[in-house]
Amino acid sequence: REKHAAEHAFYTYLWRRRFMAAYFIGKLGEKHMKFKLNALEKKWILYDVGNSAFTLLVSTIMPIYFNALAESAGLSDVSYLAYWGYAVSASTILVALLGPTIGTFSDLRGWKKPIFLISLLIGAVGCVLLGILQSWLWFLLLFILAKSAYSLSLVLYDSMLIDVTTEDRMDQVSSHGYAWGYIGSCIPFVLCLALVLCYDTIGLSMGLAMGLAFALIAIWWVLLSLPLLKSYRQNHYVESCEKPIRSSFGRLASVLRELRQQKKVLFFLLAFFCFIDGVYTVIDMATAYGTALGLDTTGLLLALLVTQIVAFPAALFFGRLSRRFSSAKLMLVCIAAYFCISLYAIGMVHQYQFWILAVCVGIFQGAIQSLSRSYYAKIIPPNRSGEYFGLYDICGKGASFLGTMLVSLVSQ
């Protein structure tokens, strides 16, 4: 009887060990198996592909077109760079002021999608009209409006991440958004580049080629937003009340008071304000800076195309790394890299240096943006994502304002 009991205990022990081994192997397999996006996540990512084309236009062809308008009006290269920087700064100030209020209002049940659609349409129509205007001053004023609407759509788009996926998938979904945005935006950009660089060959004027390029970007942007507009549902929200506007301002004030208790959110926003300044300033001013240095326009455009291509695998790679390392540690790596990139850019005088800069920026640009977005989405209340992403945008756009304004003031 004792022998039988001992054998029973031994076999029970073996089966438990096998069960535990199978369990942990299964968990390990789940962790390392291929990441697959669901249908709604793919549609959310498609908007990144659409709006990134506008970002690429703003950072490449648009400053060059404005330079041509400014030169025809007799403005110097220094004035061109300064006025462009002031326009970008004005846009960031406008978004910093409107972003939190609109974000708070969008948290009300059923309001996020309509406000998102309005921002999208204003930005797209403005993009088309920018290709028609011939006055440098009116061009800048409309640019401020179009870019502000584009940025406001991103406040709402970022806050949708909470409704689109789960917390454990946010890092990778966000990384896929930036990655596919970078590579996907190359499709309309290459077509625009062909129009702008070869307009003589195909029998077009410079003005008509620019107009067609701007219209192409706007159409691409709108078309790729349609799947998200059709499928998105606002799952996390605040119930509407009799005075929604007044209530939105009240909730915004409440969020600002709550930050004293939410130390993790507060410290992240302060850190984000500091490090994203360099990221956005490089994005907004790279082409204008290179043009002012007298670098070849075609080379600048092709180098920035390389940035987009490099950023695609880099963003996906950092997304995969986020499954093994914390987002905070990966962001520190990206910040250190951007510091070195900025030091390198100070001494840039030759075309090949701009190409090196473009590759280095491509490696870390998408990673730091996507990791910041997903990390922040994890630490805020889900049903108030619009409010909190409004503050997130204040920090991002406020920092960008300081960087572009500093470039403008120093250049003058």
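I read pLDDT as the predictor's confidence in each residue, from 0 to 100. This is a predicted model, where local features need pLDDT of at least 70, side-chain atom pairs count only at pLDDT 80 or more, and totals for chains, interfaces and linings use all residues. Residues are numbered from 1 along each chain as its sequence is written, and side-chain values use heavy atoms, with hydrogens and water left out.

Confidence. I find a mean pLDDT of 80 for the protein chain, with 85% of its residues at 70 or more. Helix α5 (residues 112-130) is highest at 93, and helix α1 (residues 2-32) is lowest at a mean of 43. Helices here are DSSP runs (H or I, at least four residues), numbered from the N terminus.

Cysteines. I counted 0 disulfides (cysteine sulfur pairs within 2.5 Å). Cys 127 is in none, as the nearest cysteine sulfur, that of Cys 192, is 8.5 Å away.

I took a cavity as a set of points on a 1 Å grid over the protein atoms alone where a 1.4 Å probe fits but cannot get out, with lining residues having an atom within 4 Å of a point. The structure holds 1 cavity of 30 Å³ or more. Among the 38 residues lining the largest cavity, Thr 55, Tyr 150, Tyr 280, Ile 283 and Gln 369 are closest to its centre.

Note on methods. 1 Å grid on protein atoms, 1.4 Å probe; cavity = no way out; pocket = protein on both sides within 12 Å on 5 of 7 lines; lining within 4 Å. Points joined across faces, edges and corners; volume = space filled by probe spheres on them. Helix = DSSP H or I, 4+ residues; strand = E, 2+ residues; numbered from the N terminus.
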